Amino acid sequence: MVQTADSSPIIQAENLTKVYRSGKIEVQAVRGVSFAVPRGEFVAIVGPSGSGKSTLFYLLGGLTRASSGRVVIDGVDFATLDDAARTRLRRQRIGFVFQRFNLLPTLSAMGNVEIAYDISGQKEPMDRAYLDHLSDLLSIQGRLVHRPNELSGGEQQRVAIARALITRPAIILADEPTGNLDTKNSDAVLSMLRRSNKELGQTTLMITHNMEAAAIADRILQVRDGMILSDTRTRFASAPAGHPPAVPPSVAGDGASI
Ligand SMILES: Nc1ncnc2c1ncn2[C@@H]1O[C@H](COP(=O)(O)OP(=O)(O)OP(=O)(O)O)[C@@H](O)[C@H]1O
């Protein structure tokens with residue numbers, strides 16, 4: 001984990017709740033979740049299907065509004081922003097990676113990265129040298145001229161990670177980034193997420209139902225029934241003063257889901 005001088009959390013969830021209502025039916029998807037993430041940390045959020053992981057992802061990314069509680073990104077409370085300001089904050093501070101890659105099919109890999117940069121509203125033109133660096137890091141040199149349907153799933157996800165990183169966001173939010181990949185491609189994508197977190201320093205939050213994937217993080221938040229069941233530091237974590245790393249979590253050797 002990259003340590004920076006600013007010790008304030010980059011992400012804070014404070015007593016977050018989300019209730020879905022449809023007619024008389026109410027689902028409490030997130031129930032009073034609080035945690036803070038220091039800059040540069042790699043956090044995995046794990047839990048079984050229906051535990052509220054995706055809802056938490058949408059809340060943390062400002063893609064949906066909380067029923068109560070707050071999400072504070074780098075000192076800014078999403079709830080205080082109107083839709084346009086929320087979109088701006090999201091585009092400038094957060095890079096998203098989705099299970100289904102979500103690349104635009106009519107554009108090349110390069111076009112997908114460029115359009116993400118253009119709509120982020122950056123003042124400077126895209127830094128080509130930085131894209132070269134990302135392409136090296138993600139091993140997609142030579143694949144950038146291809147359209148998504150000419151790329152393997154693993155390559156598409158690595159392009160999606162380059163797209164998320166090109167704006168140098170403070171935060172990467174990844175929702176089941178290996179959910180559509182075989183073991184070999186999953187391992188490659190996980191190690192690239194880990195490496196980019198270490199080398200580029202952005203805070204990374206990864207939603208997963210897979211404990212083996214989660215084990216690469218500095219810290220694992222286990223979610224059950226919309227609440228945080230445990231908050232564990234792994235052997236990769238740099239221990240802050242007074243918080244020695246916990247015993248690493250046991251990792252299921254067969255990639256077992258929880
Ligand atoms: N738009 C919605 N309307 C009503 N209920 C919803 C909605 N989205 C999610 N839910 C419910 O909220 C709960 C949490 O769902 P969520 O998708 O956040 O869980 P999850 O842990 O991401 O599950 P999975 O791993 O299967 O994607 C579930 O009971 C789900 O059925």
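Two strands pair if DSSP finds at least two bridges between them. Helices (H or I, at least four residues) and strands (E, at least two) are DSSP runs, numbered from the N terminus. The model on display is predicted: local features need pLDDT of at least 70, side-chain atom pairs count only at pLDDT 80 or more, and totals for chains, interfaces and linings use all residues. Residues are numbered from 1 along each chain as its sequence is written.

**First stop: the six-stranded sheet**

Select strand E6 (94–97) and strand E7 (residues 171–175), which run parallel and are joined by four bridges. Within this pair, Ile94 stands opposite Ile171 in E7. Now extend the selection to the whole open sheet, whose six strands follow the order E6-E7-E8-E3-E9-E10 with mixed pairing. E6 and strand E10 (227–233) are the edges; each has a single partner strand, so one side of each is left without a neighbour in the sheet. From one strand to the next, the twist averages 15°; angles run from 0 to 180 degrees between N-to-C directions, and axes are lines fitted to C-alpha atoms, for helices over the stretch in contact.

**Second stop: helix H6 and its neighbour H5**

Next, select helix H5 (residues 153–165) together with helix H6 (residues 183–200): their axes come within 9 Å and cross at roughly 20°. H5 is therefore roughly parallel to H6 (angles under 35 degrees count as roughly parallel, over 145 as roughly antiparallel, 65 to 115 as roughly perpendicular and the rest as oblique). The crossing of H5 past H6 is right-handed, a term used if the near helix is turned clockwise from the far one by less than a right angle, with anticlockwise giving left-handed.

To display the contact (C-beta atoms, placed from the backbone, within 7 Å), show Gly153, Gly154, Gln157, Arg158, Ile161 and Leu165 in H5, which meet Asn185, Ala188, Val189, Met192, Leu193, Ser196 and Leu200 in H6. The residues of this contact of H5 with H6 comprise seven nonpolar, five polar and one charged. Here Ala, Val, Leu, Ile, Met, Phe, Trp, Tyr, Cys and Pro count as nonpolar, Asp, Glu, Lys and Arg as charged, and the others, Gly among them, as polar.

Keep H5 and select helix H3 (residues 109–119); the two axes come within 8 Å and cross at roughly 25°. H3 and H5 are therefore roughly parallel to each other, and H3 passes H5 in a right-handed crossing. Ala109, Asn112, Val113 and Ala116 in H3 meet Val159, Ala162 and Arg163 in H5. By class, this contact of H3 with H5 has five nonpolar, one polar and one charged residues.

Turn to the open sheet of four strands in the order E2-E1-E4-E5, where pairing is antiparallel. At its edges stand E2 and strand E5 (76–77), each with a single partner strand, so one side of each is left without a neighbour in the sheet. E1 and E2 pair over 10 bridges in the antiparallel sense; Ile11 has Val37 in E2 as its bridge partner.

Technical notes. Two residues are in contact if their C-beta atoms, placed from the backbone, lie within 7 Å.
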